[in-house]
Each structure stands twice: as structure tokens, then as C-alpha cells.
Amino acid sequence: NGMYLVPRTLAKEFVEKGGRILLNTTVTSIQSIVDHSSNEQLVRIDTVDSMNGAMDSFYARNVILSLSKSQLERINWAPLRQGINAPLLDSIASVKASKFFLTFDEPWWKDPAFEAFNLTSGPSISTLYTSQTYYSSP
């Protein structure tokens with residue numbers, strides 16, 4: 001549940017409509033091609049299975065990528081490095097992130113000394129490296 005509800009629901013609907021989701025698969029290259037039987041512009045996606053090394057190719061009308069800069073840079077895809085796209089790739093900034101979970105014996109944030117900070121539940125923004133902290137009520 002929680003933060004996984006949206007992607008799981010979208011994935012379920014995608015598969016129900018005939019889509020395929022491949023896990024443990026790395027995209028190695030993307031190429032624009034023309035399907036000569038239909039004269040349709042397609043995209044060829046070459047992949048390698050990270051579990052057994054098997055290589056495969058898939059074809060689509062469109063491709064949506066949501067990857068980090070380092071993942072994008074590993075894909076052999078000429079349009080990504082040409083023309084107006086080259087400076088866009090260079091503009092992507094990587095940010096280190098981590099998650100952690102803490103429990104306390106006593107709810108110290110409910111102490112009257114911290115009342116002014118309103119630490120009850122929800123997000124708390126910081127200028128420290130943690131940036132955001134979420135508090136949940138029991």
C-alpha cells in the first residue's frame with residue numbers, strides 16, 4: 001500500500017490492456033526504424049536480461065523513459081546525444097538519497113518544549129542533508 005499503490009495500480013492496468021512489464025532487464029540501445037510492411041515509424045529497443053544474459057529486441061510506436069542520468073548515459077541512443085537533446089542530458093543533476101526509519105520509546109515531539117515546531121505528522125522541510133522528514137501518528 002502507501003507509495004506503491006499508484007505504480008502497482010498503473011502496472012496492473014497496463015498489463016490488463018496487453019502491455020508487458022520486464023523486470024531484471026537492461027535497455028542497451030534504442031533505434032528509430034521504419035516497418036516496411038506498414039511504412040510506420042517504430043522504435044526498436046534492444047535489451048539484455050540481467051539474470052541470464054539473454055538478448056532480445058522489442059518494437060514500439062513510442063518509448064517513455066524515466067531513468068537517472070547515469071542509466072540514460074549507458075543506453076546507445078544517438079538522438080539523446082545530438083542536437084537540442086545534448087545540453088538537456090548535461091543539465092540533469094544527480095542527487096544522492098537515502099531512506100531510514102526511526103522508532104523512539106517516548107513521543108518526544110509531543111513534549112511542550114517542541115510545541116512551537118508543530119511536529120505532529122506530515123512533512124518537515126530542513127536545510128540539512130535530510131531535506132525532508134515525514135512524521136506519522138501512531
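Begin by selecting V43, which stands opposite A60 in β3. This is a predicted model, in which local features need pLDDT of at least 70, side-chain atom pairs count only at pLDDT 80 or more, and totals for chains, interfaces and linings use all residues. Residues are numbered from 1 along each chain as its sequence is written, and side-chain values use heavy atoms, with hydrogens and water left out.

Next, select residues 40-49, strand β2, together with residues 55-60, strand β3. Strands (E, at least two residues) are DSSP runs, numbered from the N terminus. The two run antiparallel and are paired over six bridges; pairing requires that DSSP find at least two bridges between the strands. Together β2 and β3 form a hairpin with five residues between them. Within that turn, select G53, whose phi is positive, at about 80°.

Return to β2 and select D46. This residue is buried (under 20% relative accessible area, 1.4 Å probe, protein chains only), its value being 11%. Its side chain makes a polar contact of 2.5 Å with that of S57; such a contact is a pair of N or O atoms within 3.5 Å, one able to donate a hydrogen and the other to accept it, and residues adjacent in sequence count only if both atoms are side-chain atoms. Leaving out residues up to four places away in sequence, D46 also touches others, including T26, Q31 and D56, where contact means heavy atoms within 4.5 Å.

Technical notes:
Helices (H or I, at least four residues) and strands (E, at least two) are DSSP runs, numbered from the N terminus. Buried means under 20% relative accessible area, exposed over 50%, partly exposed in between (1.4 Å probe, protein chains only).
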